[in-house]
Amino acid sequence: MKVLVSCRVNGEQHSVLVDPRDTLLELLRERIGLTGTKEGCGNGNCGTCTVLFDGMPVNACLVLALEAPGHEVLTIEGVARGPELDPIQRALVEVGGTQCGFCTPGIVLSAKALLAANPAPSELDIRQAIAGNLCRCTGYNKVVDAIAAAAQATRKRLDHGA
Amino acid sequence: MREFVYVAPPSIAEALIELSGDNARPLAGGTDLLPQLREGRRHADRVVDLKRIGELTTVRRLPQGGVEIGAAASATAVARHEAIAADYPAIAASARLLGSVQVQNRASIGGNVCNAAPSADVVPALMCHQATARVASGDGWREIGLEDFFTGPGKTVLKPGELLLSLALAPAPQRSATTYLRFTPRREMDIAIAGVAVRIDLAADHTIALTRIALAAVGPTPLRAPSAEAILRGHRLDREVAAAAAAAAANDARAISDTRASADYRRALTEVLTRRGIAACARSLNLTWDGP
């Protein structure tokens, strides 16, 4: 039996029919068509389906679609402002912190929540924040470098009042 | 996955009615339940989301002292709560060991308890703080000491229709220290192959007035280490007493060999982690201590 669910994704209100067994991941990808959020393991280990739920990283595969009403969901599609990439996305491109790219959307969202809470994270802070995002290509070093560079770029911009 | 009905009742009374039917399952963070349902390890006809019930998702100081943790409060909410961070730092630290940040933001402390994994990271520190499980059903409610809550791997004393409402912690006294140490092959995103929580309360003369040692992943359930506690109680802390207590804790363990580690290795880890845990408590109590 399908149920109507209303939720806010990337600032837009959506009303869609879901099966009670559908996860937030299925809601995003199959009902709303936001395929930037990836499914890897489907059981909460790999973090490729990371989205922000009221600003906090969660695995979209471990949330039911029916749990979404009343919450604000941010996916990778809502991170850039028009053509302007988020500083984390820009740094990942510049540093080469992405290879096949499958884990990258989840890493961007984990890093976004980290930098919102902690604008000057240590290397250990960064590694702990992305411990739930598995990457089988990069070896993580360039991902960590990119997040540190994004934090620094953001701090500089704020210091200069821009 | 079998089809189920999802309900999110606004009160405990309504949740208990929803849970009284056949094959109803409470849902808090879902980080254990949803994979279990998807992989067919559990079945539910009705999934009862508890997160719209304020009492179950909050942490509050009790008027008579101590703190009550709502069973559906997330690990992150518990770790960040002012009373937990100030008075129960070992519980806050344990909550930050559960899975990843993504998991901590959803997984509940009550779910970690009810899932009853012998390796559950938050349980040893809760036991050290004399946690009591408050449980309700349509027939009334009862309190169960956490050390009497587990009956085997994945098994608890909860009967069908019973719901864990909260975990009540005893007041944290002055001159008391608690720590939880675990060993995992990987630093992050791994399951303990041994974990030890140690609590030490000092009397005015620096003897040990109260102690609790609780073990994870070295038995069919989380365990107290009674003979290790008996060695510490009434004594002053020094290296010899700590070493004797650690050896006793290894004997209190009921470790098995499995794919993750051998029983011998688990016992050896229990001894080392107990000794280090006692040393960590000694340091935070500002006792002179010449190393672990």
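**Stop 1: two domains in chain B**

In this predicted model, the centres of domain 1 of chain B and domain 2 of chain B, taken over C-alpha atoms, are 24 Å apart. To colour them separately, select 5-49 + 56-169 of chain B for domain 1 and 176-284 of chain B for domain 2.

**Stop 2: where the domains touch**

Now show the contacts between the two: 21 residues of domain 1 of chain B meet 21 residues of domain 2 of chain B. On the domain 1 side, pick out helix H6 (89-95), helix H9 (123-128) and strand S8 (150-152) of chain B, the elements that each give two or more residues to this side. Which of them gives the most? Select H9(B): with 5 residues, H9(B) gives the most to the side of domain 1 that touches domain 2. Colour that side of domain 1 of chain B by class, and you will find 12 nonpolar, 7 polar and 2 charged residues.

**Stop 3: a helix pair in chain A**

Move over to chain A and select helix H3 (residues 104-117) and helix H5 (residues 141-159). Their axes come within 11 Å and cross at roughly 40 degrees, so H3(A) and H5(A) are oblique to each other. The crossing of H3(A) and H5(A) is right-handed.

Note on methods. Residues are numbered from 1 along each chain as its sequence is written. Chains are lettered from A and ligands numbered from 1 in the order in which they are written. This is a predicted model: local features need pLDDT of at least 70, side-chain atom pairs count only at pLDDT 80 or more; totals for chains, interfaces and linings use all residues. Domain bounds come from an automatic or database domain assignment. Two residues are in contact if their C-beta atoms, placed from the backbone, lie within 7 Å. Helices (H or I, at least four residues) and strands (E, at least two) are DSSP runs, numbered from the N terminus. Ala, Val, Leu, Ile, Met, Phe, Trp, Tyr, Cys and Pro count as nonpolar, Asp, Glu, Lys and Arg as charged, and the others, Gly among them, as polar. Axes are lines fitted to C-alpha atoms, for helices over the stretch in contact, and angles run from 0 to 180 degrees between N-to-C directions. Angles under 35 degrees count as roughly parallel, over 145 as roughly antiparallel, 65 to 115 as roughly perpendicular and the rest as oblique. A crossing is left-handed if the near helix is turned anticlockwise from the far one by less than a right angle, and right-handed if clockwise.
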